[in-house]
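Open the model in your viewer and keep the selection tool at hand. The stops below say what to select and what is there.

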Amino acid sequence: MKYTVILNGCSSSFIHQAEEIRGFLSDNKQNPTLGYTIIFYNDEAKKDELMTNSPTTYIKLVKVIRYQPENFLEILEKLENNKETSLYIFPSDFAGSELSVRFAYRLLGSSLVSVNKIKLEKNELICHKALYSNNMQGEFALRKKPYCISIAKGFSNKKQSLKSTKYLVFKVDMTDIEKDDFIKKYDLKKPEKVIGLEDSKFLLAAGRGVRTRAKVERLEMIASEIGAKLGVSRPIAMNAWVPMNQLIGVSGAMTKPDLCIAVGVSGAAAFFAGIEKCKYIVAINTDSNASIVKSSNVAIIDDYQSVLEELFKIINSSQ
Amino acid sequence: MPLTREQIVEGLIEILESEKIITDEQVLKESSIDRFRKYEDINGVYTQPIPAAVVNVESTEEVSAVLKFANENTINVVPRTGRSATEGGLETALENSIVVDGSGMNKIIKIDTYNMQATAECGVSLEELENRLREQGYTTGHSPQSKPLAQMGGLVATRSIGQFSTLYGGIEDMLVGLEAVFPNGKISRIKNVPRRAAGPDIRHIIIGNEGALCYITEVTVKIFKYMPENNTFLGYTLDNMKTGFEILREVMVNGYKPSVARLYDPEDGAYHFSHFAEDKCVLIFMAEGPKAIAEATGKAIEDIVAKYDECKKVKTQYIKKWFNHLNWDPAKVAEERVEIMETQNLGFTTEVSGTWDIINDIYEVCIERIRNEIPDITLIGGHSSHSYINGTNMYFVYYYNLVDIKPEEEIAKYHYPIQDIIVEETLKAGGSMCHHHGVGKHRTHFIEEEYQSSYHMLEALKKSFDPKGIMNMGTILPIKSK
Amino acid sequence: MKILVCFKAVPDLDMMSDDDWVVDCELNVDISFVKAILNCFDESALEMTLKLSESMEGFNAPLNLTALTIGDKRKDSFLKTLYALRFDKAVRINNYEDIRFMPEVVAAVISKYVREIAYQDVIVLGRQSGEGDNAKTPLLLAEILGWPCITQVVKIELDDSASLKVTSMADDGILTQTLRTPCVLSVGNTPNSYMRIPTLRDKMKYGKTPIEVLDIESFDINPIVNTCKNDCELLSLKKISNNREGFIIDGRTPAEKAQILYDLYLKERLEEL
């Protein structure tokens, strides 16, 4: 059995993609299997970084002009028409989940997005993934090869690295593929502020109990003073009170801090998935029936503002 | 010469520890209003006089000292606890008011399961008291939609009523005794007895005074056995409100006491019930209490409804689910604010009551007039949620899109005209303009018409208990221009 | 320009309590007793399209907006609302089958509608919806039609009569592209996109326009259903439990509670950070 990992080396998130795939593979060891990695790239200077972070020693480097899904798919179709690979694994980002589905369609395989566990059997791939806005876990059997999956968020694990020096590298230049003539103008702007919620050790999470923009700004201030990052639940982000990259949950950041203080958060499953890997959760909420209370390690039932301001004083005076 | 804001604060500092006196500007602004002006609040536009201070009192003696100071210096006082008011009762209508916040008086003093009564300070939240009681197998029987926010003092002060009122009654049926402070600082206790015929029932001077006569510091309410395992839910869809009112009447007149008896029209019901009752009226009952009673009540109601062909029974699970999500919690309040900003769509309610012979007419004429007379309406509907042997209430619910207005113009363009139609039509028919929210500050121009020849009694109460006019001026009675 | 917005009404899962998550032998969860709401991404798609249409008032080539959903009669209330908000056409493809985990079927039906019944220049739809959480429909739709697909769209503006300026979130930043139609736009996290509310007058005036109802049988879906059942079969479904200790700190005032929290639970943990 052969599996192939597809990574987007054109992206600044390449290292993160590689880390999470390594995390996923080490949690889901299949035997016997042989792994390959296809890495798209557009910057010769980054090649070393791409190779040393590869999750497998067999690497195919594919040179392209930039990330463009229509072109990537065309290239993958050309490169992978030999039917040797049973399982394609894509990262959890936007590109990964898009490519996995569209590629499976083109290769007449089967696909599944946000998979958090797999078991490769002779004639099927057993996959687990969250459903019903993260309230339920479903188990699926994919039966049409190749199986194309994108992994769930949250597998990133810095500790694992291949530490190999023997890479088997094939290079191919595909810069001539152009399936993007439907684009008349193209402009990619980097985000103004990188938040890094995923790597934060200490998180302050705000939910819809935080009622105004001014109150969210106050939380930003408190967070930065006590050394925490501020993340928010969907209603707050939808209100554009903070940039969308501060959204926590299935459609935002999946965090794993050592400590999270959740204020005014109801604890809907789709949000909670974003802090589920947190080591210690403190909830401050007026509603003792809110599901976040049951999902916390310790909770205070009170107005979050009063409690947090008091806590802020205590932390400040102890520093 | 009236005291300046600074002098008021200085005077308060002599009475209370300074950390109990709040003068933060944003807090003061937010304390000048309640949910009646939620649109101004969301936009950060405050049109009411900003209070001089908010004081967080922690004992009856502190309340007494603050009232005495205010009375001596003729400073308007607005009493408040859980801040869930919706009719302007918490607005500071006069310059340099003091808002006296009793939410810090939050001790449950005694739960007496032998005499079946519970005593709590004014700032105890109903939810907390109810949860404490339920742990021991008892309940207050009181469950207004504001339960997660409202506190005991405010509930009594506004003559609150809950969703189980058809069985347990309103707060006036539950209240045993209380402690209140009058403007001159006099602390008055009304003792806890089963009943007495020792003159007029003076509790009724205090229940529903909306902070315009005195400050309630402690209340004692009846408690009941809590037996949720016997709860029986019934739900029906039907075509006409008129039929629904007939059924409610028949249930009441025949002596049945379901705890919940509610009738929704299709517009109001759509929000809750569209998944099983599109374009239909919905009738809901819950019977509770000892098993035999709950069962018999449920069975009798089923028999009554069965006589009406237009009623179709729905699965009880629908009703249970709806019921578990009925209350306004802080999260829902916040969510509403987000959506108001985004969709520029705002909703309010007005609640009236009338006898069986007039209620359907009030309902029909109000809906018709609002539909035709008010611009930008997106929803006008209502429900009956509290029934009595002689009649029921009607709770009108309305939403409108805010078109071409500044935040401060919303009330005059939409809210007042709608409310006034409802009040006018109700008074014309012979009903009451306030069923359970209280008068607040925005229906006072109708108060004489509401009371008619008994209005002098109301005026006499105000003159007698608050002669200098310092208690929540503009509430219940309008401020008379001098 | 003809735009098709596809949406799904989903159960409001926040209303479910822990013991409501009962899985029956056909791996179904009974969610019929909770309220239906618009899937949040689809709601954004609808509002985004209404904003686009509004921005074009006064242009001589107006948009033609169609809304389409697949489901039973209970979904009609959403379509009526869309008529009241001035959608030109509202279509429901009547279906009672369990297609929760068959985005292939949904994509096939929509593509057939576009190819055989009413041609469209642009299809806008949410990226994912919360029962199946498949996150595949827009992508499969683009593949079947052979159209390009832009994912994580947050804004649509008009460029000229045959092209759109589309803003979307990409892994590396914010992407703004001017695109020739036809294309599929898959809508992502979009701030400020709650759907507007029609007035009663517009509801009376436009909300009663007849909904076009088509039967899913006429789309010949049986072969695809059978393939889906085999290619990607749901084997089991179970509730995810998020419960922890949930110890509640008791105290008289917020200050007291904060102090207990700090002394007993936070001090050491903060020091270790």
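Start in chain B: select helix H1 (residues 5-15) and helix H4 (residues 60-72). H1(B) passes H4(B) in a right-handed crossing; a crossing is right-handed if the near helix is turned clockwise from the far one by less than a right angle, and left-handed if anticlockwise. Their axes are 10 Å apart and the packing angle is about 145 degrees. Axes are lines fitted to C-alpha atoms, for helices over the stretch in contact, and angles run from 0 to 180 degrees between N-to-C directions. Show the side chains next: B:Gln7, B:Ile8, B:Gly11, B:Leu12 and B:Ile15 of H1(B) meet B:Ala65, B:Val66 and B:Phe69 of H4(B), where contact means heavy atoms within 4.5 Å. These contact residues divide into 6 nonpolar, 2 polar and no charged. Here Ala, Val, Leu, Ile, Met, Phe, Trp, Tyr, Cys and Pro count as nonpolar, Asp, Glu, Lys and Arg as charged, and the others, Gly among them, as polar.

A note on what is on screen: this is a predicted model, in which local features need pLDDT of at least 70 and side-chain atom pairs count only at pLDDT 80 or more, while totals for chains, interfaces and linings use all residues. Residues are numbered from 1 along each chain as its sequence is written, chains are lettered from A and ligands numbered from 1 in the order in which they are written, and side-chain values use heavy atoms, with hydrogens and water left out. Helices (H or I, at least four residues) and strands (E, at least two) are DSSP runs, numbered from the N terminus.

Stay in chain B and select helices H10 (residues 241-253) and H15 (residues 356-373), which pack at about 155 degrees with axes 10 Å apart. H10(B) and H15(B) are therefore roughly antiparallel to each other (under 35 degrees counts as roughly parallel, over 145 as roughly antiparallel, 65 to 115 as roughly perpendicular and the rest as oblique). Their crossing is right-handed. Among the residues that meet are B:Phe245 in H10(B) and B:Trp356 in H15(B).

Now select the sheet of chain B. In what order do its 7 strands lie? The open sheet runs S15-S12-S14-S13-S17-S18-S16, with antiparallel pairing; two strands pair if DSSP finds at least two bridges between them. Strands S15 (312-313) and S16 (345-355) of chain B stand at the edges with a single partner each, so one side of each has no neighbour in the sheet. Further in, S13 (residues 260-264) and S14 (residues 281-287) of chain B pair over 5 bridges, and B:Ala261 stands opposite B:Phe285. Helix H13 (residues 316-324) of chain B lies across S12, S13 and S14, at about 105 degrees to S12(B).

Next, colour by chain. Chains B and C bury about 2300 Å² between them; buried area is the accessible area (1.4 Å probe) that two parts lose on being put together, summed over both. In chain B, B:His275, B:Lys321 and B:Glu342 lose the most area to chain C. Chains C and A bury about 7600 Å², with 84 residues of chain C in contact with 90 of chain A.
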